[in-house]
Amino acid sequence: PRPSVADGTVSPAEAAQNFVSVARAMEPQIEAECRARTTGRSCDYQILVDDRPGQSPNAFQTEDRRGRPIVAFNLALIAEARNRDELAIVMGHEAAHHIAGHIAAKTEDALRGAVLLGVLAAAAGADQGAITRAQDIGADLGSRAYAKDYELQADRLGAIITWNAGYDPLKGAQFFSRLPDPGNTFLGTHPANALRMDIVAQTVAELRAGRI
């Protein structure tokens with residue numbers, strides 16, 4: 001569908017149509033990529049809409065109690081996306097976290113951080129309350145230690161999935177240019193937007209050259 005207004009946004013009806021179309025095209029490609037790259041992990045993706053009102057644009061990946069991966073978009077993000085390519089690359093990015101095992105990796109990172117700072121606090125003679133606080137701090141620091149790397153890995157794999165599903169990752173990555181830029185914050189959870197767009201561009205260049 002063509003943009004509804006000069007700034008590139010689309011109407012609610014067009015946004016809904018775009019999301020349904022992208023979900024139908026992306027889900028089989030995501031599941032195929034998951035089966036090709038993982039062993040013993042559920043690839044039965046559920047693509048859902050979080051329809052709670054008043055939220056900032058957001059998409060996320062999680063798992064249900066049976067370990068099935070869930071990719072959820074809220075209404076604000078669906079409305080914010082200006083074309084199907086943008087929806088596709090966000091969907092591919094979130095799906096990639098499960099394929100790459102990032103939820104489990106973040107849990108392990110947090111556990112290692114908690115154990116390390118807890119041991120250091122105990123060795124310094126801290127009481128139980130101080131040790132617990134150190135463990136909490138360690139878990140938070142540990143969960144952030146490789147967060148940017150995981151995001152860039154998901155950007156790369158998400159671009160591959162987007163390309164294979166017939167969408168344009170470069171056009172889709174323009175979505176990143178409209179996000180608040182985290183810059184290069186130490187122990188931040190997301191890399192700078194420009195770096196994310198560079199990763200997508202590099203990946204597309206490799207795809208075009210047949211190196212992926």
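The model is predicted: local features need pLDDT of at least 70, side-chain atom pairs count only at pLDDT 80 or more, and totals for chains, interfaces and linings use all residues. Residues are numbered from 1 along each chain as its sequence is written, and side-chain values use heavy atoms, with hydrogens and water left out.

Start with the layout. The protein has eight helices and three strands. Both are DSSP runs, numbered from the N terminus: helices are H or I with at least four residues, strands are E with at least two. Read from the N terminus, the order is α-β-β-β-α-α-α-α-α-α-α.

Next, burial and surface. Of the 212 residues, 42% count as buried. Buried means under 20% relative accessible area, exposed means over 50%, and partly exposed lies in between (1.4 Å probe, protein chains only). The protein exposes about 11,100 Å², an area from the Shrake-Rupley method with a 1.4 Å probe. Carbon and sulfur atoms supply 54% of that surface.

Contacts come next; a contact means heavy atoms within 4.5 Å. Among contacts in the protein with a separation of 6 or more, 67% are between residues 24 or more positions apart.

Now the charged pairs. The whole structure holds nine salt bridges. Each is a side-chain nitrogen of Lys or Arg within 4 Å of a carboxyl oxygen of Asp or Glu.

One of them pairs R68 with D44, the closest N and O atoms being 3.9 Å apart. This pair links distant parts of the chain, 24 residues apart: R68 sits in the loop between β2 (59-63) and β3 (69-74), D44 in the loop between α1 (12-37) and β1 (46-50). R68 is partly exposed at 24% relative accessibility. D44 is also partly exposed, at 37%. Salt bridges that share partners join D44, D64 and R68 into one network.

Another salt bridge joins R178 and E86, with the closest N and O atoms 2.8 Å apart. R178 lies in the loop between α7 (169-172) and α8 (193-208) and E86 in helix α3 (residues 84-99), so the pair ties together parts that are 92 residues apart in sequence. R178 is partly exposed at 26% relative accessibility, whereas E86 is buried at 2%.

The side chains of R156 and E206 meet at 3.2 Å, N to O. R156 belongs to helix α6 (residues 147-164) and E206 to helix α8, 50 residues apart. R156 is partly exposed, with a relative accessible area of 31%.

Return to the loop between α1 and β1, where T38 is placed. T38 is buried, with a relative accessible area of 13%. A polar atom of the T38 side chain lies 2.6 Å from the backbone oxygen of C34. Leaving aside neighbours within four places in sequence, T38 is in contact with C43 and I99.

Finally, the interior. In soluble globular proteins, nonpolar side chains tend to be buried together. Here the largest nonpolar core has 35 residues. Such a core is a set of buried Ala, Val, Leu, Ile, Met, Phe, Trp, Tyr and Cys residues joined through side-chain atoms within 4.5 Å. M26, F73 and M91 have the most contacts inside the largest one. Elements giving two or more residues to this core are α1, β3, α2 (75-80), α3, α6 and α8. Helix α3 gives the most, with eight residues.

Key
Polar contact = N/O pair within 3.5 Å; in protein donor to acceptor, adjacent residues only side chain to side chain.
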